[in-house]
Amino acid sequence: MLDRHPHIACGPELRVIPALASFAAQMRVSCGEVLQENYGVTDKQLSAIFHDLISSFFEPYRKIRGKKRIAEKTPANILHFGELKALFPDASFVHVIRDGRDVVASLMTMDWTDAATGQPMAITCDPAIAAAAWAHHVRTGMNAKAAGQRIFELRYEELIADPKRVLSDLFAFLGEPWSEDALSYHLGDQLDAGMAESSAEQVSRSLYHQSINRWRHDLSAPAKQAIKHQAGDLLTKLGYAADNDW
Amino acid sequence: MLPGLAMQWRDFNTQLGALHEKHFALGPDAIRNNFAKAIAAILLDAPSAATSRLVAEKAPLNVLAFEDLAALFPEAKFIHVIRDGRDVAVSLLERDWRNPRNGAAFPHVTNAGAAAAYWNGLANIGRKAERAIGNSQRFFVLRYETLAHNPERTLHSLCKFLNASFDANLLKFYELELPLLGIERDSAARLRKPISNDRVGRWRTKLTPAQNKLIERHAGAMLDAFGYKTN
């Protein structure tokens with residue numbers, strides 16, 4: 001959707017970002033002193049080095065699209081918003097929250113293999129692991145906001161129900177003008193994003209509405225139980241459920 | 001951090017490379033340059049780098065990324081320092097290195113078998129890198145024992161390998177007022193004295209027969225391959 005905005009280039013998930021942000025944060029802690037004293041690399045210079053490294057991955061795409069800013073939507077970015085803010089002080093941060101039950105139902109259909117073992121990833125097989133991961137990601141994002149970081153929280157369900165309102169709020173937060181083009185995402189260019197993200201087909205075919213409340217028919221009773229155990233309280237807190245009786 | 005960044009590059013290249021070439025106009029050369037530039041920026045910021053022709057980086061775990069670094073930096077040269085695994089074990093067992101996450105001492109500084117397995121693994125990776133880089137102009141194997149026995153001759157060979165002139169001050173490193181940081185503080189006492197033989201063969205008196213047996217089990221073949229058991 002964002003890629004349709006005249007000022008924003010948003011390609012497939014550029015998954016190198018969370019890995020590099022996490023690495024930069026780790027370097028500050030584990031060898032900040034050695035870097036500063038022996039290599040003359042200050043904390044600020046370290047930020048500049050990783051800013052340039054990460055930028056070098058999306059700059060070519062931004063130029064091809066001829067846009068002035070980039071949107072990057074790898075879900076794991078949420079775990080590194082603090083570090084990404086240090087690396088990109090001018091960046092805006094958006095936290096997309098979706099009903100964890102639909103997230104788990106969706107994950108269970110993904111065909112993702114662990115590159116190290118060749119086995120299917122646990123997050124696509126075990127509802128408890130998927131639910132715990134969802135809760136961890138959502139809580140990390142909410143904690144960053146509570147700690148004072150400027151983050152726009154966006155509900156996936158509201159975006160589907162009323163894209164115009166939610167997108168205009170989002171563009172206002174980003175300081176971008178309204179663009180009618182963003183609503184024509186179903187004609188998107190990303191039909192072949194394939195490997196990049198399994199939802200490419202959904203994005204392209206505008207089948208979003210079918211992915212809301214899918215959990216009701218997709219999840220088994222034991223899967224629901226596992227989700228309640230891992231994330232029942234968070235689902236209630238977010239208003240997705242009134243209690244654990246669902 | 002060098003092995004970490006180099007391995008990020010390898011993972012990126014093997015897992016996401018094709019995808020990014022298609023969608024982000026990032027070919028393998030562009031990706032390699034991006035990572036090489038970041039690593040170089042860190043190494044070349046050192047004040048001494050401005051006036052030097054060569055930059056040396058000596059973190060022991062760099063050996064894990066020798067093959068990747070060789071691809072990232074086509075002009076780089078690699079020095080694999082080998083030391084008798086039994087002395088390495090003695091040295092490791094004197095360390096108090098703990099996992100920062102849970103405060104527990106690492107197995108390779110606690111148990112002789114784990115120390116030997118650690119040495120064996122790293123030595124093996126170094127040998128694999130030597131075969132992969134496969135060029136004596138780029139890969140130098142330096143025995144710690146040879147350096148300790150005959151520092152001047154060994155440094156002459158090393159300087160020749162680096163196309164650097166030999167300087168007798170190299171042997172007087174202990175006169176330098178080195179700021180020791182991080183893990184280097186463990187070596188402070190050693191770095192303030194001339195190089196000597198007194199750390200060679202410590203295993204003969206420091207290791208128990210049971211520890212020797214464990215080391216033999218985990219690293220016997222490698223010790224043999226380097227000729228440490230026959231000498």
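This is a predicted model: local features need pLDDT of at least 70, side-chain atom pairs count only at pLDDT 80 or more; totals for chains, interfaces and linings use all residues.
Modeller: Let's start with domains: their bounds come from an automatic or database domain assignment. For chain B, that assignment gives domain 1 (1–56) and domain 2 (77–225). Taken over C-alpha atoms, the centres of these two domains of chain B are 27 Å apart.

Biologist: How many helices and strands does chain B have, and what makes something a helix or a strand here?

Modeller: Chain B has 11 helices and 2 strands, in the order α-α-α-α-β-α-α-β-α-α-α-α-α. Its C-alpha atoms fill a box of roughly 60 × 40 × 35 Å along the principal axes. Chain A has 10 helices and 4 strands, and its pattern is β-α-α-β-α-β-α-α-β-α-α-α-α-α from the N terminus on.

Biologist: Why are α6(B) and α11(B) called roughly parallel?

Modeller: Look at helix α6 (residues 112–133) and helix α11 (residues 209–225) of chain B: their axes come within 8 Å and cross at roughly 15 degrees. The axes are lines fitted to C-alpha atoms, for helices over the stretch in contact, and the angle runs from 0 to 180 degrees between N-to-C directions. Angles under 35 degrees count as roughly parallel, over 145 as roughly antiparallel, 65 to 115 as roughly perpendicular and the rest as oblique. At roughly 15 degrees, α6(B) and α11(B) are therefore roughly parallel.

Biologist: How do you know which residues of α6(B) and α11(B) meet?

Modeller: Two residues are in contact if their C-beta atoms, placed from the backbone, lie within 7 Å. On the α6(B) side the list includes Ala112(B), Trp119(B) and Asn124(B). On the α11(B) side, Leu214(B), Arg217(B) and Met222(B) are among them. By class, this contact of α6(B) with α11(B) has 9 nonpolar, 5 polar and 1 charged residues. (Nonpolar means Ala, Val, Leu, Ile, Met, Phe, Trp, Tyr, Cys and Pro; charged means Asp, Glu, Lys and Arg; the others, Gly among them, are polar.)

Biologist: Over in chain A, why is α1(A) called roughly antiparallel to α2(A)?

Modeller: Those two helices pack at an angle of about 160 degrees, with their axes 10 Å apart. The angle falls in the range over 145, and that makes α1(A) roughly antiparallel to α2(A). Among the residues that meet are Leu20(A), Met27(A) and Leu35(A) in α1(A), with Leu46(A), Phe50(A) and Phe57(A) in α2(A). The contact of α1(A) with α2(A) divides into 11 nonpolar, 1 polar and 2 charged residues.

Biologist: What does each chain give to the contact between A and B?

Modeller: Chain A gives 30 residues and chain B gives 23. On the side of chain A that touches chain B, α1 (16–39) and α2 (43–65) each supply at least two residues. The top contributor to that side is α1(A), with 11 residues.

Biologist: Which residues make α5(B) mostly covered?

Modeller: A residue is buried if 20 or more other C-beta atoms lie within 10 Å of its own, exposed if 12 or fewer, and partly exposed in between, with C-beta atoms placed from the backbone. In helix α5 (residues 85–93) of chain B, 7 of its 9 residues are buried: Gly85(B), Arg86(B), Asp87(B), Val88(B), Ala89(B), Val90(B) and Leu92(B). They pack against α6, α10 (203–206) and α11 of chain B. In chain B, 25% of the 231 residues are buried; in chain A, 31% of 246 are.

Biologist: Why does Asn163(B) count as exposed?

Modeller: Asn163(B) has 10 C-beta neighbours inside 10 Å, and with a limit of 12 or fewer that makes it exposed. Asn163(B) sits in the loop between α8 (151–161) and α9 (188–191) of chain B, and its phi is near 55 degrees, a positive value in a residue other than glycine.

Note on methods. Residues are numbered from 1 along each chain as its sequence is written. Chains are lettered from A and ligands numbered from 1 in the order in which they are written.
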